[in-house]
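This report looks at one helix pair and at a few residues elsewhere in the chain. Please read it alongside the sequence and the model displayed here.

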Amino acid sequence: MVEKLYVSYNEVHKLCQASAQRILDDIKPNLMIAIGGGGYVPARILRSFIKRPGHPNIPIQAIGLSLYEQLGNDTEVEQPGTKVTRTQWLDLSSLEMANLIGKNVLIVDEVDDTRTTLEYAVKELQSDVAAAAKALGRDAEDTKFSIFVLHNKDKPKKGSLPADVIDGDRYIAAVTTGDVWINYPWEATDIDEHDRMAAKQATK
């Protein structure tokens, strides 16, 4: 039986709020990239907390990556797949990619499970930005990628991240959990039942 953790929108909001100051101090992001679909809501909430007075909102760009696979028609539980699939990506030839060059870029996702998706995102973005910088003659500009997730599962990881991300205060997880299945509110088909389950767990 898979242990499930129900997370409410209020909890997501508070996790973003609690992490905002560290993100401002350690990362100082100029731009966020949300990994769809789990990174969209945290990125938008986080933007409200890391906006600096007198400065414009931090732009949010989006990429789509799929790793999880359904475990059959009789269950809502999914398991990590073995291959990352791009469902949406930045256009290498457009301003989207050029705008990343020389920036502090914060990649946002909801959970660090096997780390496979995050590894893919960082490697591919680094490669594409390096290619764009070379094409534009901007090789000298340093682009730094950092990561924020709501939950990091305390388990052996299949993927890996660059040492300068992990050891350089550029990886932030709001909460570290056990290896449980996390139910986020944007995945719920019955939000009232989801909130009831989240509230029930909170009282234990």
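## Crossing of H1 and H2

The crossing of H1 and H2 is right-handed, a term used when the near helix is turned clockwise from the far one by less than a right angle, anticlockwise being left-handed. Helix H1 spans residues 9-26 and helix H2 residues 40-50, and the two pack with axes 8 Å apart at an angle of about 50°, which makes H1 oblique to H2. Axes are lines fitted to C-alpha atoms, for helices over the stretch in contact, and angles between N-to-C directions run from 0 to 180 degrees; those under 35 degrees count as roughly parallel, over 145 as roughly antiparallel, 65 to 115 as roughly perpendicular, and the rest as oblique.

On the H1 side, Tyr9, Val12, His13, Cys16, Gln17, Ala20, Ile23 and Leu24 meet Val41, Pro42, Ile45, Leu46, Phe49 and Ile50 of H2, where contact means heavy atoms within 4.5 Å. By class, this contact comprises 12 nonpolar residues, two polar and no charged ones; Ala, Val, Leu, Ile, Met, Phe, Trp, Tyr, Cys and Pro count as nonpolar, Asp, Glu, Lys and Arg as charged, and the others, Gly among them, as polar.

## Model and confidence

This is a predicted model, in which local features need pLDDT of at least 70 and side-chain atom pairs count only at pLDDT 80 or more, while totals for chains, interfaces and linings use all residues. Residues are numbered from 1 along each chain as its sequence is written, and side-chain values use heavy atoms, with hydrogens and water left out.

The predictor's confidence in each residue, pLDDT, runs from 0 to 100; its mean for the protein chain is 90, and 92% of the residues reach 70 or more.

## Individual residues

Ser146 lies in strand E6, residues 144-153, and counts as buried because its relative accessibility is 2%; buried means under 20% relative accessible area, exposed over 50%, and partly exposed in between, with a 1.4 Å probe and protein chains only. Leaving aside neighbours within four places in sequence, Ser146 is in contact with Ile27, Val105, Leu106, Ile107 and Arg170.

Leu5, in strand E1 (residues 4-6), is partly exposed at 26%. Leu5 and Thr177 are 172 residues apart in sequence, yet their C-alpha atoms are 9.6 Å apart in space.

Notes: Helix = DSSP H or I, 4+ residues; strand = E, 2+ residues; numbered from the N terminus.
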